[in-house]
Amino acid sequence: MSNIVDKKITGFTNALEWEADFKPRRVAVMSFCYAGRDLFDCEGVEIGFLKEFHGMQKHLRFHTADKTSWYSVDSKVIQPFGPEPVIDRKIEQSGSFMRVTTDVLIKSAMSLEFLKIDTLRIRGEWENITVYYQSSPEDFDVLSKEIDIKNIDNKRVLFETIPLAIVFTDKDGIQLEIGTGYDLWRWNNAARFSSENRFVIKQEKDYIVFERTPILWDHEHEMQKFNFRFSWYFSWGKKSLLEKKTQKKITTLHIQDNKLTAYQSGICNYNLDYSNWPATTRSTNSNEPCFASRQAENLLKDFLRKTLPKMSERDKVICLCGVSPHVCSKAGHMERNKPETFVHWDYWDMMVFWGWANNFLANNDKKFAFIPDSQSLLSCLPSFRRMSELED
């Protein structure tokens, strides 16, 4: 359950309160707290020397979903200088994560040296930082590594590509996860503008700065009219010492007559049979479906709609088991007809589907959960724990 109080959203995760403040400190556009800790301030966008928090806010609107009490927040800021660029942002909260879409509208040519997207000043006494990443923009494998916090004190930690996710953990098990959205090709697209990018973690005073600069020139550049869009998310929680839930009975879903069909009925825990999924739904270098595929999404939505009436009163959760996110490059999944690739990460789309499914089932007192593949590096993400119903 969440509430709006004085431009703030509040709720509870693991019985601990969280708060997102959209009218926070003078040099931030949002701050976030959990379990009595200030976790981060978001400084917003920098279009060269134009900082978002110096702009004119045209609106800040809150919306709520009646079924789930989840919230979304829309904001618009105009920079009253030169060609007056506009910053539109949409934040969508589902459970214990928020998805952020930031649009930067450059309406006519202007000179600038860089574009920074939603710089974060992360607070806390962190004991562990884990990064999940690609070795290159064209690599579909997900890797992970630990960052020695002492190294952050001594030097910047630079990334060649935008990290897929970064998880900060403190001594009490409180975790903050900062992740990238579906649009990897946009974050790693500096070459299109004959520029470079810079994604960096660095220590400043009593906080850690995560700075995302997808466009960076070494001189003042004449940027023509362009609409930029970047997506990212954050999640929070407390690391659980409990073992993962085990599913007593699991049946397999296969495709028959272009529909997902269960081999058995009366069971709410499902695995996917990937053997005959349409080739257009599959991830690059994998037989498993990409959740960004509209066709895969429609198959799963149709299955939920037909499964709900068959559920008994005691059946509470529909679980899709053994799933894992994928990095994919099929342009059709992004509804692009162009021949070039559009490298994307379907974890964002898993979050969107999880939110849709739980909103759809809410009126019937049912829930939907993704149970991760135990072999997946990403199975321990706080956001994945939330989607697997391992925590409230």
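Start by selecting R229 and D103: their side chains meet in a salt bridge, 2.7 Å from N to O. A salt bridge here is a side-chain nitrogen of Lys or Arg within 4 Å of a carboxyl oxygen of Asp or Glu. R229 sits in strand β21 and D103 in strand β11 (residues 97-106), so the pair ties together parts that are 126 residues apart in sequence. Helices (H or I, at least four residues) and strands (E, at least two) are DSSP runs, numbered from the N terminus.

Before you go on, know that this is a predicted model, where local features need pLDDT of at least 70 and side-chain atom pairs count only at pLDDT 80 or more, while totals for chains, interfaces and linings use all residues. Residues are numbered from 1 along each chain as its sequence is written, and side-chain values use heavy atoms, with hydrogens and water left out.

Now colour by pLDDT, the predictor's confidence in each residue, from 0 to 100. The chain averages 90, and 92% of the residues score at least 70.

The cut-offs: buried means under 20% relative accessible area, exposed over 50%, and partly exposed in between (1.4 Å probe, protein chains only).

Next, pick D41 and R123, whose side chains form a salt bridge of 2.9 Å, N to O. D41 belongs to strand β5 (residues 37-42) and R123 to strand β13 (residues 120-123), so this pair ties together parts 82 residues apart in sequence. D41 is buried too, with a relative accessible area of 5%.

Then try K259 and D302, which meet at 3.8 Å, N to O, in a salt bridge. K259 is in strand β23 (residues 259-262) and D302 in helix α3 (residues 294-307), 43 residues apart. How many salt bridges does the structure hold? There are 23. For a whole network of them, select E43, K116, R121, R198, K202, E204 and E211.

**Into the core**

In soluble globular proteins, nonpolar side chains tend to be buried together. A nonpolar core is a set of buried Ala, Val, Leu, Ile, Met, Phe, Trp, Tyr and Cys residues joined through side-chain atoms within 4.5 Å. The largest one here has 103 residues, and F32, F40, F234, F368 and F370 touch the most other members. Helix α4 (residues 347-361) gives the largest share of this core, 7 residues. A second, separate core has 9 residues, including Y182, W185, C290 and M334.

Zoom in on F234 in strand β21 (residues 226-238). F234 counts as buried because its relative accessibility is 0%. Leaving aside neighbours within four places in sequence, F234 is in contact (heavy atoms within 4.5 Å) with residues including F32, F40, E177 and I178.

**Last stop: E177**

Hop across to E177 in strand β18 (residues 174-180).

The side chain of E177 makes one with the side chain of Y233 at 2.5 Å and another with the side chain of S383 at 2.9 Å.

Technical notes
A polar contact is a pair of N or O atoms within 3.5 Å; within protein, one must be able to donate a hydrogen and the other to accept it, and residues adjacent in sequence count only if both atoms are side-chain atoms.
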